[in-house]
Amino acid sequence: MNAKPMPSSASGSRSATASNNPGVISTGNGARIEQRTLVLPPGAIDPALDGAAIAKLNNLPAYDSAVFKGRDEELRALAAVPSTGTGVVAQSVRGLGGMGKSTLVLHHARAFLAAGGGPVWWIDAETEAGIVAGLAGLATALNPVHAALPLEEGAEWALLWLQGRSDWLVVFDNAEDPADLASYLGRLTTGQVVITTRRDLPWHNYAAPLCLDTLTPDAAMAVLEGITGRTRADDTAFEELVEELGCLPLALQQAGAYLAQTRTSASNYLTELRQDPVGILATTPPGDAQQRTVLQVWSVTLKAVEVADPHAVRLLRILAHMAPDPLLRSVLDTALPTRRAVDHALGVLAAYSMITLTDSTVTTHRLVQSVIRITTPLSPAAPTRRQRLVHRLLRRPLVAPSAPLTTALALLLDATPPGSPAEVKRWPIWHSLLPHFQAVMAYHSDDSRDIGLATALGETAVYLRSRGQAPLTLSLEERALAIAEAELGPNHPATALRLGNLAATLSELGRHSEALPLAERALAITETALGPDHPATAVRLNNLAATLSDLGRHSEALPLAKRALAITETALGPDHPTTALRLDNLAQTLSELGRHSEALPLAERALAITETALGPDHPDTAVRLGNLAQTLSESGRHSEALPLAKRALAITETALGPDHPDTAVRLGNLAGTLSELGRHSEALPLAKRALAITETALGPDHPATAVRLGNLAATLSDLGRHSEALPLKERALAITETALGPDHPDTALRLDNLAATLSDLGRHSEALPLKERALAITETALGPNHPDTALRLGNFAGTLSDLGRHNEALPLAKRALAITETALGPDHPTTALRLGNFAGTLSDLGRHNEALPLAKRALAITETALGPDHPDTAVRLGNIAATLSKLARHEEALPLRKRALDITETALGPHHPTTAVRLGNIAATLSKLARHEEALPLAEQALAITEATLGPDHPDTALRLNNLADIHRQLGQGCNGEEP
């Protein structure tokens, strides 16, 4: 857990402003944003293939049979569909399951490709998720680096790419719901779209229907003859068999494959078919005799498969519980006693056309899966007498096989890579396993108590959360908890783990109040079950402390963080890396309480432990360096923080690579430190690179991308480029609102940041409703007494003051002060900030005598908490001086102004923009005292610094020119520069 910077104070009488927070944009206490990224190389947005290769690109499956008869008219109809962007929406192919819709369209697609059309892309459209995955697959095929993008982003990229060209064909196969395609069809009008569906739904509202019927008897006979290599003259039962099969193409294909493989006569096949009717089925669609016939055919085929290899049937039953997506063959390596047995069984299934097999994947048709699942016994068959005898003779225990669904789940869990699914390097495997995990989880009954299912649910939730899909994880975590609690009991340590994970998900969704009782219960269970001194208890204490801090209850979090450290240090030793982690967490909590001087030695010790235990070049050492740099920055020691931030970046870049997600974090932190030192021009390229890394790795719609956008926008604003910052902040808000919801605290943060930029542009009326909404969200999500609520109140009050509505601003500023003082204490630096803001509002109302003691108290608090040489102390001195000047007490104001300059110049350097502010303030005070000759060189120096650091076109440069012109006028000398 990284330490976070405090928001800085604003000088003058306006609203509080937030400083750059290295790594994330945060204007209040307690904001936590987890960032993980994977970097793709430049050019990832462009196809990796040339024009000729693109035209040939396809993912068409192999023909399920070399024989294809009786569909000439339908093929001509499909060939007539335009593919050059005439605005035709799509062509749908509709019919009952087994009618050969997919086979028909596959032949059309092959012909389309052979005629020069392309690319041709085949998409499993049974679910909306399958559609997204299929479109994302096209993006990956065009350029493999897109495999690292979130699925939604990959799909969007593919859609935009297709819109830019014509003569392509996209097939949405086995579509189930017109609504799933509604948002895509209107956008795919520059090529040809074909939809296959077995659902009798109003597809005509979306696409022109082509209703597919059974084959004619002659065509059906030709299919059967072509597959078997026999004629009706050779086997007189062919005609009767064709009739029994209802001329259904899929049934004909399966029957022909069986006859050809086994050399069985059609008469014998027909007899078995009639002897084993629908009794093998659990259910059949009402009135759908043809669907029933298909299932009969598969029952006969399965008997032949079982004779050829009993293992093949068991393997098929396992596959029936996976998704109809390609499954890595390696997942099945342990499904049977030996790998050789697995390969043989797969070969048998492929020979009977029950699966599609490649050297790396196995795919089972959804209809086959449905049939197999229906006909699979709920419990494994009892061992035969012969099996029992063999095992007895071999003196081996007879282990009953597990149910196929249980086996499928176990195989998937075994196939997951070691380590957390959140780690970027594990994403490719998880991407391929995800649809199968989702299928297995869906096939388990709601009342399942399989503890392996709980593990799968939890691990899948972690993966989805890391891919920016936190809202999808809540139901998974809730179900995992329910299973653990039912199976292991409410007081089991595993139940505590599930409670902790659910609490973490709720916190990520901004629902900290709901997370709190879960984190508390997780701690109680762990402490009772494992003892008060167990390392797992320390983990729970740490998590509970984090949740309390999220709620702004840092004083309550502090003793928990201390106890977590004590337990860890006792159990693992004072020099263990986990002890360093606990030290870092405690340091952060102390910093949240404004106790930076106490936090600093803890952060230093955490670094020393990590560096000794793991080495000076370990990525964790870089983390500790970064956290120590932040603590130094919070103490106003930015110059000391800078080399640490640079070293942290160098270590990370060397150890993990220049495009690693953690490198982006380090870049952001270094950019923040440079900005604190007023070196915004140097910070800008670092912030841009951090954004590029994040956007490439996680996609343009990930919450972490919004963080990077906000950081870049802040740097642009520091350079006075508010117009460029505005669209970045607007986009950051849109991303956050879509990803996390309109009521998430991070959405409030983005609203507040956007409003600040609008105010920088003088658009205070537009800023006001955004700040008002930000306040409402924060108050609802975090409560009326949270420090972030106080921050929003203060910002809202500042905008009201900008609009001259000081009377309305006053009670808000007063309430912000009361909340902060109660939550953080009367001596916290943020309390000083609120006092300063309240005093400023009183001064705006002309109540300077009331403002003065508040400004003095703010100085006393800041000086005690942060030291006499902290930049914030200079801010407080400047505020008192400003109030004294408004009371015409310029002689008293002058030494305060000078001391503020000395502090700023020492802490931030003689060329920092804030140093220019201090120089300008002294010059103004001297002018008030009619000491214009002394004021002139200071005003000139302030202008030179501002122009050098912020540029000749920055608003602050204009202000300095104006101030200098005023002094020249007072001296009666004029001014060479134009007045703004």
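Modeller: Two strands count as paired if DSSP finds at least two bridges between them. The strands themselves are DSSP runs of at least two residues, numbered from the N terminus. The model is a predicted one.

Strand β8 covers residues 361–363, and two bridges join it to β6 in the antiparallel sense. Across that pairing, leucine 327 faces valine 362 of β8.

The parallel pairings involve other strands. On one side, β3 pairs with strand β2, residues 120–124, in the parallel sense over five bridges. Isoleucine 123 has phenylalanine 172 of β3 as its bridge partner. β3 also pairs with strand β4, residues 192–197, again in the parallel sense, here over four bridges. In that pairing leucine 169 is opposite glutamine 192 of β4. Strand β4 in turn has a parallel pairing with β1 over four bridges. The partner of glutamine 91 in β4 is valine 194.

Next comes the question of what surrounds these strands. In a regular strand, side chains alternate between the two faces of the sheet. In β3, Leu169, Val171 and Asp173 point one way, Val170 and Phe172 point the other way, and all of them are buried. Because five of the five residues of β3 are buried, the strand is largely enclosed by the rest of the structure. Strand β1, residues 91–94, is likewise covered on both faces: Gln91 and Val93 on one side and Ser92 and Arg94 on the other are all buried.

As for the rest of the chain, its secondary structure comes to 42 helices and eight strands. There are 980 residues, and 56% of them count as buried. Among contacts between residues at least 6 apart in sequence, 68% join residues at least 24 apart.

On the α18 side the contact includes Leu453, Leu457, Gly458, Ala461 and Arg465, and on the α19 side it includes Leu476, Glu477, Ala480 and Ile483. The residues of this contact divide into 11 nonpolar, two polar and three charged.

Glutamate 477, which lies in α19, deserves a separate word. Glutamate 477 is buried because its relative accessible area of 0% is under the 20% cut-off. Leaving out residues up to four places away in sequence, glutamate 477 touches Gly458, Ala461, Arg465, Asn501, Leu502 and Thr505.

The second pair is α34, residues 787–802, and α35, residues 806–824, which pack at an angle of about 160 degrees with their axes 8 Å apart. This pair is therefore also roughly antiparallel, and α34 passes α35 in a left-handed crossing. Residues of α34 that take part include Leu793, Phe796, Ala797 and Leu800, and they meet a set in α35 that includes Leu812, Ala816 and Ile819. This contact divides into 13 nonpolar, five polar and two charged residues.

Proline 700 sits in the loop between α29, residues 680–698, and α30, residues 703–718. Proline 700 counts as buried because its relative accessible area of 18% is under 20%. Along the chain, proline 700 and leucine 149 are 551 residues apart, yet their C-alpha atoms are separated by 9.1 Å. Neighbours within four places in sequence aside, proline 700 is in contact with Glu153, Glu695, Thr705, Arg731 and Ile735.

Notes
Residues numbered from 1 in each chain as written. Predicted model: local features only at pLDDT ≥ 70, side-chain atom pairs only at ≥ 80, totals over all residues. Heavy atoms only, no water. Contact = heavy atoms within 4.5 Å. Nonpolar A, V, L, I, M, F, W, Y, C, P; charged D, E, K, R; others polar. Buried < 20%, exposed > 50% of the residue type's maximum accessible area, 1.4 Å probe, protein only. Axes fitted to C-alpha atoms, helices over the stretch in contact; angles between N-to-C directions. Parallel < 35°, antiparallel > 145°, perpendicular 65-115°, else oblique. Left-handed = near helix turned anticlockwise from the far one by under 90°.
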